[in-house]
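Open the model in your viewer and keep the selection tool at hand.

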Amino acid sequence: MPLAQRRTAYLGLAIATAMSVLDGSIANTALPTIARDLGASPVEAIWVVNGFQLAVTASLFAFAALGQTRGAARVYRYGVVAFIAGSLACALARSMPVLIAARAAQGVGASAIMAVAPAILREVFPRAQLGRALGINAVVIATSAAAGPTIGGLFLAIAPWPWIFAINVPLGFASIALSRSLPRDIRGEGRFDVASVVASALGFSLLIWGIDGFARGDAAATIAARLVAGAAAAWFFIRRQFALPEPMIALELFRIRVFAAASWTSIASFVAQGLAYVGLPFYFQTVLGKTPLESGLLLTSWPVAVALIAPTSGRLSDRIPAGVLSTIGLAIFTTGLALYALMPPDASTLSFVAHGAICGFGYGFFQSPNNRELISSAPRAKSASAAAILAAARLSGQTLGAALVAMVFAAFGAKPVGATGVAHDIVARATPAALWIACGCAGFAMLASATRLIGSRSALEESA
């Protein structure tokens with residue numbers, strides 16, 4: 001593509017990607033205000049977040065399959081339209097059931113965008129610049145995910161909560177206008193398998209619903225039933241993909257060693273990130289007495305560091321093996337998490353900022369090369385499957401990380417979500433424990449990344 005057309009196409013993709021990722025967390029700080037305005041309980045208000053996440057994960061593989069058979073650019077445009085419509089419905093909602101339904105519609109649109117955007121990047125940029133493009137994309141995703149609570153707090157300081165959702169409408173129309181520069185669709189062969197769509201949706205939904213039960217204090221039998229049913233649906237989905245001549249998602253990609261290593265590395269790292277992103281705000285607000293806005297600002301050094309280093313690591317990944325860069329980045333990331341876990345109760349603000357910067361530097365250094373290898377190691381005809389697996393790794397990892405925080409807090413005696421609050425001493429003891437679990441997950445990711453260097457020539461010699 002000509003350079004000007006390439007830039008225009010990527011700007012449209014970046015706007016849509018930022019919106020879809022940002023809205024996964026932007027409403028978190030607004031939940032108490034939304035619950036009060038709509039006369040809902042805190043337990044009901046939590047589904048403003050859960051409804052969005054469930055819709056995204058349940059429909060992700062379906063949109064990836066549509067992108068593969070009907071064209072990624074077409075699915076992307078329909079996704080942006082659905083996201084705009086869902087955002088407008090959220091802004092106009094005047095009851096909690098309507099708002100939750102609108103958030104689910106918004107999540108469906110976000111899912112379509114997330115499922116195909118990395119595959120479109122592969123068509124927009126030449127292979128020699130793919131690492132740089134994914135590096136920039138990593139900045140957009142990481143900063144959007146991390147900045148959600150801060151931006152939500154800023155909006156609440158100057159406007160009513162509906163504007164958190166209404167701002168997506170003009171941005172969405174701008175993305176649609178810019179999408180005219182996208183390349184023509186390359187459609188694959190095959191049919192849309194309804195059984196696979198239903199199985200993947202049930203698998204993701206029931207497993208996430210079951211994990212969510214730990215935070216809500218549901219009965220053990222209820223949680224177990226959801227998890228068993230979800231696992232059965234997931235097993236059926238996996239078996240069916242290998243039986244179909246044209247699978248919905250090309251799970252045989254996991255037979256490619258570097259693809260499998262990059263995928264497991266991504267999942268484990270996002271679990272570690274989810275543990276830190278959910279656990280630390282509790283610590284900041286309950287133990288340190290910070291406001292939601294101040295809590296978000298204390299984490300700002302993390303996404304800022306990612307934004308600074310991810311483009312550089314993306315460019316390096318075009319010349320240096322991803323196994324080298326990712327393993328180094330994950331070692332730094334693990335160190336930053338350990339420093340967080342070791343922080344004393346009277347740690348200074350500068351310490352929190354420094355620890356966040358270390359985590360962000362390591363995370364940004366790892367993410368771009370890892371994403372590049374995951375996408376580029378897949379055959380071009382299966383780019384949509386690789387993109388969906390990448391998005392699923394992020395969403396499932398973050399969801400599991402959040403669930404682990406709830407489980408750790410419960411183990412230390414915290415009450416379920418929706419109860420009267422979490423005691424100061426419980427958070428003071430539980431947060432370091434959650435951060436040590438995050439260290440373990442990051443360490444596992446580092447080992448998974450390092451397996452890409454085993455049994456081959458020195459990666460540094462290859463890069464030379």
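Helices (H or I, at least four residues) and strands (E, at least two) are DSSP runs, numbered from the N terminus. Keep in mind that this is a predicted model, where local features need pLDDT of at least 70, side-chain atom pairs count only at pLDDT 80 or more, and totals for chains, interfaces and linings use all residues. Residues are numbered from 1 along each chain as its sequence is written, and side-chain values use heavy atoms, with hydrogens and water left out.

The chain exposes about 18,300 Å², by the Shrake-Rupley method with a 1.4 Å probe and, for residues, only the protein chains shown as cover. Carbon and sulfur atoms supply 69% of that area. Of the 464 residues, 57% count as buried, meaning under 20% relative accessible area, while exposed means over 50% and partly exposed lies in between (1.4 Å probe, protein chains only). Among contacts (heavy atoms within 4.5 Å) with a separation of 6 or more, 84% join residues 24 or more positions apart.

**The cores**

Select Phe-61, Tyr-76, Met-114, Ile-120 and Ile-249, the residues with the most contacts inside the largest nonpolar core, which has 63 residues. Such a core is a set of buried Ala, Val, Leu, Ile, Met, Phe, Trp, Tyr and Cys residues joined through side-chain atoms within 4.5 Å. Helix H5 (residues 96-124) gives the largest share of this core, 11 residues. Apart from this core lies another, of 41 residues, including Val-271, Leu-330, Met-343 and Ala-347.

Zoom in on Tyr-76. Beyond its neighbours within four places in sequence, its contacts include Gly-12, Ile-113, Ile-120, Ser-179 and Leu-182. Step across to Ser-179, in the loop between helix H8 (168-178) and H9. Ser-179 counts as buried, at 4% relative accessibility.

On a 1 Å grid over the protein atoms alone, a pocket is an open set of points with protein on both sides within 12 Å along at least five of seven lines, a cavity is a set where a 1.4 Å probe fits but cannot get out, and lining residues have an atom within 4 Å of a point. Grid points are joined across faces, edges and corners, and a volume is the space filled by probe spheres set on the points.

Next, the largest cavity, with about 160 Å³ of space. Pro-118, Ile-141, Leu-390, Ala-391 and Arg-394 are the closest to its centre of the 15 lining residues. That lining divides into 10 nonpolar, 4 polar and 1 charged.

**Two last stops**

Select Trp-235 in helix H10. Is Trp-235 buried or exposed? Trp-235 is exposed, because its relative accessible area is 54%.

Finish at Ala-347, in the loop between helix H14 (322-341) and H15. Ala-347 is buried, with a relative accessible area of 17%.

Conventions: Nonpolar A, V, L, I, M, F, W, Y, C, P; charged D, E, K, R; others polar.
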